[in-house]
Amino acid sequence: MKLLSKKVTCNSHGQDSSYFLGWQEYEKNPYDEVRNSRGIIQMGLAENQLCFDLLESWLAQNPDAVEFKKNGESIFKELALFQDYHGLRAFKNALVEFMSEIRGNKVKFDSDNLVLTAGATSANETLMFCLADPGDAFLLPTPYYPGFDRDLKWRTGVEIVPIQCKSSNGFRITGSALEEAYQEAGRRNLKVKGVLVTNPSNPLGITLSLHELNLLVNFIAAKGIHLISDEIYSGLVFKSPGFMSIMEVLMNKKYMNTQVWNQIHIVYSLSKDLGIPGFRVGAIYSNNEMVVSAATKMSSFGLVSSQTQYLLSAMLSDKVFTKNYVSENRKRLKHRQQMLIRGLRNAGIGCLESNAGLFCWVDMRHLLSSNTFEAEMEIWKKIIYEVGLNISPGSSCHCAEPGWFRVCFANMSEETLNLAMQRIKIFAKSISNTIINGRDSNQYSNKNLRRKSLANWVFGLSFHDHKCER
């Protein structure tokens, strides 16, 4: 260990979070319809697999893009040779037009202000390097994506100070919570360099309101700090209220060419909206010339391949395709979310009302043995090992209240989702019966009965049985 650096041997990566541990357990025993019908169903992965048929249909109809040809002539050599880290102009133009399209063309983006990165992970870390020094802090509203502990902190040395949001108001950002987080950073002798929000929220699946957006703009203007708006889920808003980008707020408030105009930056990616995380396409958008220049230089450490850019520039330039894709994607997401909500309701489980994203913020507080994070971990382990579902506990998202879980719904088939809902229904019923019966002298036998019941259905319920019951 002494031969390695302090950076790689410290435990600040966040890999020991229950969010990542759940993934590890899934990988040991993944569910498969045929080969492992008793395995763990992955519901901790925010992946959009609902429209691959549309993508594959476009690829079949556009062989030149797939085969790296232009007007029937191969440009493979041109793409395979060195491309500078500014990216292909055609792709950057197509990407900013797509960003405008999914925002209802209410705002326009200048491709000169766009920096390409290898996914949103790279984009967020690059902005940390550009905007903060080691030991500085960014404020993040809770609950937030567990990967931010890795993306924002691990290599940069930047600290995260939570903005504590509560279920009592739907986990909305308030002025008092912003100010309290800022003061907490001061008590910890941390210099606050900015606020980072995800809009729509991961894990809440809600869009920020105009009130919250105005609150954030006014706050960073008063404090003289930055605002990063991670809008990676901006194309996945499938119910009212609609999505409003921070850029639209700036335009409406006529902040163009002001200091605040230079303090706000957007992170975007095609990983969620287009469902292609393996392509590693992300972007930083900023009106701050110094940030764009610095981020462009830093992007040499995480480039998007020119082959990928060429293919996607052709796809995103096809306006008929993009219009149909965005519309159909939203319809399918809405349908899938409704399936999850119905399944949870049948199990006596509610969730936060949401309108976007690939997940629901699920309320299982009534199933906890006590109002503690220890009890949350206890029920999470049962759901992993006994129920066979990998979901993300709220504590991994830094939620201040135990009993909330993020549950994803778009990375599996409808049949698998129905099976997952059947499993959780039986589990919730067994827990509720235990609570009703109380924990008296028969507690030991009740636990054994519950364990036996769970074992019976986990090992007896096959995928094929489930299909027959539908």
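## A helix on the inside

The expected span here is 1.5 Å times one less than the number of residues in the helix. Helices (H or I, at least four residues) and strands (E, at least two) are DSSP runs, numbered from the N terminus.

A quick word on what you're looking at: this is a predicted model, where local features need pLDDT of at least 70 and side-chain atom pairs count only at pLDDT 80 or more, while totals for chains, interfaces and linings use all residues. Residues are numbered from 1 along each chain as its sequence is written, and side-chain values use heavy atoms, with hydrogens and water left out.

Back to helix 13: 9 of its 12 residues are buried, so the rest of the structure largely encloses it. Buried means under 20% relative accessible area, exposed means over 50%, and partly exposed is in between (1.4 Å probe, protein chains only). Among the buried residues of helix 13 are Ser306, Gln309, Tyr310 and Met315.

## The chain as a whole

Zooming out, the protein chain has 18 helices and 15 strands. Its radius of gyration is 23 Å, close to the 23 Å that the globule rule gives for 470 residues, so the chain is as compact as a globular protein of that length. That radius is taken over C-alpha atoms, and the rule is 2.2 Å times the number of residues to the power 0.38. Along its principal axes, the C-alpha trace spans about 70 × 60 × 55 Å.

Of the 470 residues, 54% count as buried. The chain exposes about 21000 Å², with carbon and sulfur atoms supplying 52% of it; areas come from the Shrake-Rupley method with a 1.4 Å probe, and for residues only the protein chains shown count as cover. Take the contacts (heavy atoms within 4.5 Å) between residues at least 6 apart in sequence: 75% of them join residues at least 24 apart.

## What the record says

UniProt, in an unreviewed entry, lists residues 41–424 as "domain: Aminotransferase class I/classII large". UniProt positions are given in the numbering used here, feature names are shortened, and annotations may be inferred rather than shown by experiment. Over residues 41–424 the chain is 42% helix and 15% strand, and the end C-alpha atoms are 11 Å apart.

## A 28-residue helix

Helix 14 covers residues 319–346, which makes 28 residues, and it reaches 41 Å from its first C-alpha to its last, close to the 40 Å expected. After helix 14 comes glycine 348, whose phi is positive, near 75 degrees.

Strand 5 (residues 137–141) is mostly covered, with 5 of its 5 residues buried. In a regular strand the side chains alternate between the two faces of the sheet. In strand 5, Ala137, Leu139 and Pro141 point one way, and Phe138 and Leu140 point the other way.

Next to it in the pairing is strand 6 (residues 159–163), which runs parallel to strand 5 and is joined to it by 5 bridges. Two strands count as paired if DSSP finds at least two bridges between them. Leucine 140 stands opposite proline 162 in strand 6.

Another group of 4 strands forms an open sheet in the order 11-12-15-14, with antiparallel pairing. Its edges are strand 11 (350–351) and strand 14 (392–393), each pairing on one side only.

Strand 12 (residues 359–363) is joined to strand 15 (residues 404–408) by 5 bridges and to strand 11 by 2 bridges. Cysteine 360 has valine 407 as its bridge partner in strand 15. Both faces of strand 12 are covered: Phe359, Trp361 and Asp363 are buried on one side, and Cys360 and Val362 on the other.

Isoleucine 284 sits in strand 10 (residues 282–286) and is buried, with a relative accessible area of 1%. Alanine 123 is 161 residues away along the chain, yet the two C-alpha atoms are separated by 5.8 Å. Leaving aside neighbours within four places in sequence, the contacts of isoleucine 284 include Thr117, Leu127 and Ile266.

Threonine 117, in strand 4 (residues 114–117), also counts as buried at 1% relative accessibility. Threonine 117 and glycine 302 are 185 residues apart in sequence and 5.7 Å apart in space, C-alpha to C-alpha. Not counting residues up to four places away, threonine 117 touches residues including Arg280, Ile284 and Val304.
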